[in-house]
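Please look over the model below before reading on. The points that follow take it up piece by piece.

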Amino acid sequence: MDRKLYERIDRWMEAHRDAIIQDICRLVRIPSVSEPGGADAPFGQGCRDALEEMLRLGAEYGFHTHNYENHVGALWLEDGPMDNTIGFWNHLDVVPAGGNWAYPPFEPVVKQSWLIGRGAQDNKGPAVGMLYVMRCLKELGVPLKHRLCLFVGCDEERGMEDLEYYTAHYETPALSMIADSGFPVCYGEKGIIEGNMTAKRPLSSDVEDIRGGTVSNMIPDLAQATLRGETARRAMKVLGSEETSPHAACAEETDGVQIRTNGGGSVTVTVRGTARHSAFPEGSVNAIQKLLALLAEKGVWSDADEAVLRGFQEANSDYYGEALGIAFEDAVSGKLTCAGTVASMNEGILTLHFNIRYSITETQEHILEGLQAFCETHQCAFQLLRGSGPSYFNRSHPAVDLLTSLYNAVMGTEAEPFVMGGGTYARKLPNAFAYGIGGMPKTEEQKECTLFAPQHGDAHQPDEGLYLPSFMKALKIYALAVTELNQLERL
């Protein structure tokens with residue numbers, strides 16, 4: 001570790017701290033949730049706006065920029081061949097804001113040591129940070145053997161069609177680093193299966209609607225069932241209160257459960273849960289599962305509807321695929337995770353979308369066999385929508401130990417390279433791994449922070465926040481890491 005260079009990087013970054021924060025805020029103000037769009041905005045106007053703003057930002061600082069048909073953007077300072085390029089990859093799309101925010105999701109707030117807003121942590125803050133890493137090394141006159149280029153995409157959270165498009169049409173860097181994980185080096189990612197479990201027959205007319213969740217990779221924090229007839233009357237009896245008359249607008253929320261009368265004998269039961277990234281579901285409360293389990297436990301469903309819904313409730317009753325018969329664990333990547341994250345109904349037919357992250361040594365085919373076997377005995381069918389195999393970067397590549405050692409030298413830790421359940425652009429790129437910017441050890445200030453309600457403040461949660469002291473330190477580690485890669489003659 002070059003401590004004198006680290007001190008120079010430290011001074012440069014601190015001098016630009018306010019500018020970094022202001023530039024992140026420029027991007028956070030744009031609600032860039034990826035959604036199907038047209039030819040000029042393939043992932044919706046919000047994502048196009050965010051991409052154009054990022055390229056505009058780079059141009060203001062003297063970067064060359066290129067827009068790859070509104071799928072991916074690139075920013076660089078020095079021209080050069082891709083076979084001698086280190087690519088940094090970030091994404092500008094965000095998960096939907098959802099509800100229950102104490103702060104406005106797209107009006108960034110800087111409070112105490114936090115920048116709060118959707119995308120501040122995942123992944124607009126790191127995207128701006130990597131731009132400043134490149135500026136820092138250039139302005140400090142640090143000689144580099146390898147060219148640097150920052151790439152920003154627009155569909156990471158929804159399916160990575162942006163990277164699929166880019167890699168099908170354009171050359172990729174010799175080595176790619178994705179600033180969208182924890183430190184130190186993440187050299188492997190679990191496989192991902194996204195698919196729908198659909199009932200084989202409709203629910204009764206008493207069940208007008210069941211819905212919850214907004215995006216595949218987020219444990220839902222809200223779910224609702226709209227009921228009529230005898231089912232509605234049973235719900236009112238077991239969930240209502242003395243204050244809930246048939247003419248009441250709504251009942252008081254208790255333990256995250258609310259029942260509201262809609263007129264005409266219809267009621268809506270709303271259940272709140274706790275959101276987390278579906279790859280790391282521990283500590284979350286799945287609102288869809290809470291809703292189905294509550295109404296089953298209270299005897300709200302008719303016998304016929306209970307027969308249809310039982311399989312959905314059972315399938316979503318744990319986060320590790322145990323009830324589905326697909327549980328798996330290996331020493332390299334740990335347990336398979338599985339969550340039903342989006343519920344919807346069409347013409348009385350219930351569909352529950354599943355997001356599954358499977359261990360590196362498991363196979364998609366084996367999991368699909370288990371899902372099919374479960375569905376055959378539970379009045380439903382499973383349809384595969386998207387499959388992405390595990391990602392693995394050669395653990396023996398010298399960059400892994402080099403960058404891990406650097407992180408430990410700066411932080412005074414003994415962290416080890418790891419494999420995770422989260423999915424990053426590394427799975428869509430050759431010779432790629434994830435390295436930071438998240439996952440820094442928590443400071444005492446973070447532990448004592450009272451800005452956020454429980455299960456708020458993290459990526460994919462309400463009141464998503466970027467802890468600025470750790471973020472700034474991460475940028476300094478990244479800048480020094482690039483200089484360490486100079487030791488490699490070949491990438």
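**Notes on the model**

1. Phe63 sits in the loop between helix H3 (45–60) and strand E1 (64–68). Helices (H or I, at least four residues) and strands (E, at least two) are DSSP runs, numbered from the N terminus. Phe63 counts as buried, at 5% relative accessibility. Buried means under 20% relative accessible area, exposed over 50%, and partly exposed in between (1.4 Å probe, protein chains only). Neighbours within four places in sequence set aside, Phe63 is in contact with Gly58, Leu75, Trp76, Leu77, Leu131, Met134 and Arg135. Contact here means heavy atoms within 4.5 Å. The C-alpha atoms of Phe63 and Arg11 are separated by 22 Å, and the two residues are 52 apart along the chain.

2. Some ground rules. This is a predicted model, in which local features need pLDDT of at least 70, side-chain atom pairs count only at pLDDT 80 or more, and totals for chains, interfaces and linings use all residues. Residues are numbered from 1 along each chain as its sequence is written, and side-chain values use heavy atoms, with hydrogens and water left out.

3. Confidence next. The mean pLDDT of the chain is 94, and 97% of its residues reach 70 or more. Over residues 242–252 the pLDDT is below 50; beyond near neighbours in sequence, that stretch has 15 contacts in the model. pLDDT is the predictor's confidence in each residue, from 0 to 100.

4. Overall build. The chain has twelve helices and 24 strands. Its radius of gyration is 24 Å, close to the 23 Å that the globule rule gives for 491 residues, so the chain is as compact as a globular protein of that length. The radius is taken over C-alpha atoms; the rule is 2.2 Å times the number of residues to the power 0.38. Along its principal axes, the C-alpha trace spans about 75 × 45 × 45 Å. Of the 491 residues, 59% count as buried. Take the contacts between residues at least 6 apart in sequence: 76% of them join residues at least 24 apart.

5. Helix H1 (residues 3–15). Its 13 residues should span 18 Å at 1.5 Å a residue, and the end C-alpha atoms are 18 Å apart, which agrees. The expected span is 1.5 Å times one less than the number of residues. Which residues of H1 are buried? They are Leu5, Tyr6, Ile9, Trp12 and Met13. Seen down the axis of H1, these fall within an arc of 125 degrees, so they line one face of the helix. The arc is that of the directions from the helix axis to the C-beta atoms. An α-helix has 3.6 residues a turn, so residues three or four places apart point the same way.

6. Surroundings of H1. Its buried residues pack against helix H2 (17–28), helix H4 (120–139), helix H10 (398–411) and helix H12 (468–484). On the other side of H1, Arg3, Lys4, Arg11 and Ala15 are exposed. Asp2 caps the N-terminal end, with a side-chain oxygen 3.3 Å from the backbone nitrogen of Lys4.

7. Helix H9 (residues 364–376). H9 has 13 residues and reaches 18 Å from its first C-alpha to its last, close to the 18 Å expected at 1.5 Å a residue. Its buried residues are Gln364, Ile367, Gly370, Leu371, Phe374 and Cys375. They cover an arc of only 135 degrees around the axis, which puts them on the same side of H9. Their cover includes strand E10 (191–199), helix H8 (303–315), strand E18 (349–358) and strand E19 (380–388). On the other side of H9, Glu365, Glu369 and Glu376 are exposed.

8. Backbone items to check. Most residues other than glycine have a negative phi, and most peptide bonds are trans. A cis peptide bond joins Asp122 and Asn123, with omega about 15 degrees; Asn123 lies in helix H4. Another cis bond joins Gly436 and Ile437, again with omega about 15 degrees. Ile437 is found in strand E23 (residues 437–438).

9. Positive phi. Asn100 has phi near 70 degrees. Asn100 lies in the loop between strand E3 (85–91) and strand E4 (109–111), and counts as partly exposed at 49% relative accessibility. Asn431 has phi near 50 degrees. Its loop runs between strand E21 (418–420) and strand E22 (432–435). Asn431 is partly exposed too, with a relative accessible area of 29%.

Notes: Polar contact = N/O pair within 3.5 Å; in protein donor to acceptor, adjacent residues only side chain to side chain.
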